[in-house]
Amino acid sequence: MPFPFEPMFPHLRRLALASALMACVPGAWASDVLLVGNKADASVWALDSTNGQELARLPVGTGPHEVVVASNGLLAAVGNYGAQGTANNSLSVIDWPSRTVVRTIDLGKDSRPHGIRFLPDSQRVVVTTEDSERLLIVDLAQGKVLDRIDVGGGKPHMVALSPGADRAYVTHVESGTLSVVDLLHKKKIADIPTGNGSEGIAVTPSGTQVWVSNREGNEVVIVDAKRLEVTDRIRTGLFPIRIAMTPDGKYALVTCAKSAELAVIDVAAKREIKRIGLAKEGEHYRETLLGAQALPIGAVVSPDGKRAYVAISGSDQVAVIDTASWTEKDRWKTGPEPDALAIVPQPES
């Protein structure tokens, strides 16, 4: 059963109408747009997804760790996590066609927001908050938290949704577990041991499998979404930190932060078919939590499945991967310490 739909509030309806009208202006939105959250700059950059041209720079809160885009392409939400030693507790709401931050939502005591996903109505999001150990449901139009669901400790970090958005899956880095949350009844229904350092997460388009990367175990585990148990383990490079699925569900792309690689896994065969090196000889890398290195983190695949984009956090770049040959084709400049990536799709004509 899909997550129940609630009509838009008048403010958001007006915003959506204005945004839709702007999207019709010639040249206002010519191609898909890549949004890049720059952690050290408190900004989101918008890049043309075909050539990396900078389209806009948007100021957000400190430590923008995750960025997501609504299915209708009108809004983006940014989780402002904070800096080392200083927590943030806000979400920034971006209206893309007008290229403006239209709201900053204070989450109160629910600090260190991280994983975030839009619900199907393109108005509400779910977001993990590490300090309060919760999964929140936040209405972006009202600018307030609607529900707070306790998911337990162990550093709840990333979140993914089932295809119908009736369930949310939350990874816990320190406890090495995956929480399953019933969004209809707003309660946690299971905790599944997945492995050391469970962080990255993706759900297959069919919804039958949940893939989790264990950064300390250097592996990806596959969880059966019906039986709620681990069925397979696949070795990867060092410190696998994010997983992105291709739109057709054929491949899982895993960023391996310490070995600076992108692992390409055949989902049906459950085996790695390619390892793409992302460190460049002679490149100067910033000092990161893992040392001075390339540090690939965020990854996203274009809606047509032809390109993948990987944030190279240590060199302030995005690597562009051709998925037909699984080779790197380009590098684009970003702001300082890029992490989160998301795509604003071109409106259908």
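The structure, a predicted model, holds 21 salt bridges. One of them pairs the side chains of Arg-242 and Glu-66, with a nitrogen-to-oxygen distance of 3.4 Å. Arg-242 sits in strand 20 (residues 240-245) and Glu-66 in strand 4 (residues 64-69), so this pair ties together parts of the chain that are 176 residues apart in sequence. As a general point, side chains of opposite charge can pair when their charged atoms come close.

Where the two meet, 17 residues of domain 1 are in contact with 17 residues of domain 2. Putting them together buries about 1,300 Å², and 72% of that is on carbon and sulfur atoms. On the domain 1 side, the residues that lose the most area to domain 2 are Glu-130, Glu-133 and Leu-135, which together make up 37% of what that side buries.

How many salt bridges, then, run between domain 1 and domain 2? The count is zero. Polar contacts do turn up, though: five residue pairs link domain 1 and domain 2 in this way, with both partners at pLDDT 80 or more. As for which pieces of domain 1 touch domain 2, the elements giving two or more residues are strand 8 (113-118), strand 9 (124-129) and strand 10 (134-139). Strand 8 gives the most, with five residues.

An unreviewed UniProt entry marks residues 122-281 as "domain: YNCE-like beta-propeller". In the model, the span 122-281 is 59% strand and 0% helix, and its end C-alpha atoms lie 43 Å apart.

Conventions. Residues are numbered from 1 along each chain as its sequence is written. This is a predicted model: local features need pLDDT of at least 70, side-chain atom pairs count only at pLDDT 80 or more; totals for chains, interfaces and linings use all residues. Side-chain values use heavy atoms; hydrogens and water are left out. Contact means heavy atoms within 4.5 Å. Buried area is the accessible area (1.4 Å probe) that two parts lose on being put together, summed over both. A salt bridge is a side-chain nitrogen of Lys or Arg within 4 Å of a carboxyl oxygen of Asp or Glu. A polar contact is a pair of N or O atoms within 3.5 Å; within protein, one must be able to donate a hydrogen and the other to accept it, and residues adjacent in sequence count only if both atoms are side-chain atoms. Helices (H or I, at least four residues) and strands (E, at least two) are DSSP runs, numbered from the N terminus. UniProt positions are given in the numbering used here, feature names are shortened, and annotations may be inferred rather than shown by experiment.
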